[in-house]
Amino acid sequence: VGVDITDHERLVLSRDLQRGAGANWGVSSAIAASGRGYRAVVYNSLLYVLTFSDNTAESRLWRYDVGTDGWTRITSLDGMNVAARSVSVYDGKFFVGGSAVGTNTGRLIYGSGALGSWTVVTNPSGLSATSMVSALRSFQQKLYVAYAYRIFRMKDDQTWDGNTVFYKANSSSESNGITSMEVHLGFLYMLSFNGHVHRTDG
């Protein structure tokens, strides 16, 4: 979090999120060893940080509060049975995707407003039990959802755009699951776990 151009603060993530001190960034070694990192996202002009755990534990969500210069954990996410792999803001809603805890079965949920409650999205039909949500990205008024190498598109009424998969990243290529997506110059770029890049104009 930048304070000004000459002095910057740092954040330390341990069992709870807190403001750190000193010159170097640090993450609890236990969390770093067992988890898969963190993701920051701005929603309704507020900064949120989501922990990406392995699939043996639920992810946790925090909000940065400017007035107190501290962090508040969003406990409504507890019990939603999601080990997160991706997060995205789409159509005024906060989406979290990953797997159900202890499995590789895809899990996609969303909240809105103060994030006091969450809604579970029904997965597209025909997915295997190992198709976790591995990436999310808003593009051209739709939410692109990667279930491993299969890409589906969601409309703003939280229903799927069509009855079949929009794109399969492993078709005519050696790509495996999609791990991230980014928009650039009118295209949606998709990166696979094994380093292949795909793109679409929607």
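Predicted model: local features only at pLDDT ≥ 70, side-chain atom pairs only at ≥ 80, totals over all residues.
One is formed by 4 strands in the order β11-β12-β13-β14, with antiparallel pairing. At its edges stand β11 (133–139) and β14 (167–168); each has a single partner strand, so one side of each is left without a neighbour in the sheet. Strand β13 (residues 150–154) is joined to β14 by 2 bridges, and these two strands run antiparallel. Within this pairing, Ile151 has Tyr167 of β14 as its bridge partner.

The other sheet consists of 3 strands in the order β15-β16-β17, again with antiparallel pairing. Here the edge positions are taken by β15 (178–184) and β17 (197–200), each of which pairs on one side only. On average, and with direction ignored, neighbouring strands of this sheet are turned by 25° against each other. Between β16 (residues 187–192) and β17, which run antiparallel, there are 4 bridges.

The surroundings of Phe94 illustrate the packing. When neighbours within four places in sequence are left aside, Phe94 is in contact with Val41, Tyr43, Tyr48, Leu61, Val87, Ser88, Ile109, Tyr110, Gly111, Leu115 and Trp118.

Aromatic pairs number 13 in the structure. The ring centres of Phe94 and Trp118 are 5.9 Å apart and the planes stand at 75°, so this pair is edge-to-face. Distant parts of the chain are linked by the pair, since Phe94 belongs to strand β8 and Trp118 to the loop between β9 and β10, 24 residues apart. Both Phe94 and Trp118 are buried. A tilted pair is formed by Phe95 and Tyr110, with 5.3 Å centre to centre and 35° between the planes. Phe95 is located in strand β8 and Tyr110 in strand β9, so parts that are 15 residues apart in sequence are tied together by this pair. Phe95 and Tyr110 are likewise buried. Phe94 and Trp118 also belong, with Tyr43 and Tyr48, to one aromatic cluster.

Asn44, in the loop between β3 (35–43) and β4 (46–53), has a positive phi of about 50° although it is not a glycine. Its relative accessibility is 51%; because residues over 50% count as exposed, Asn44 falls in the exposed class. Gln141, in the loop between β11 and β12 (142–147), likewise has a positive phi, near 65°, in a residue other than glycine. With 67% relative accessibility, Gln141 is exposed. Gly116 is placed in the loop between β9 (106–112) and β10 (119–120) and is exposed, with a relative accessible area of 63%. The C-alpha atom of Gly116 is separated by 8.3 Å from that of Thr75, which is 41 residues away along the chain.

Methods:
Residues numbered from 1 in each chain as written. Heavy atoms only, no water. Pairing = 2+ DSSP bridges. Axes fitted to C-alpha atoms, helices over the stretch in contact; angles between N-to-C directions. Buried < 20%, exposed > 50% of the residue type's maximum accessible area, 1.4 Å probe, protein only. Contact = heavy atoms within 4.5 Å. Phe/Tyr/Trp six-rings, centres within 6.5 Å; stacked < 30°, edge-to-face > 60°.
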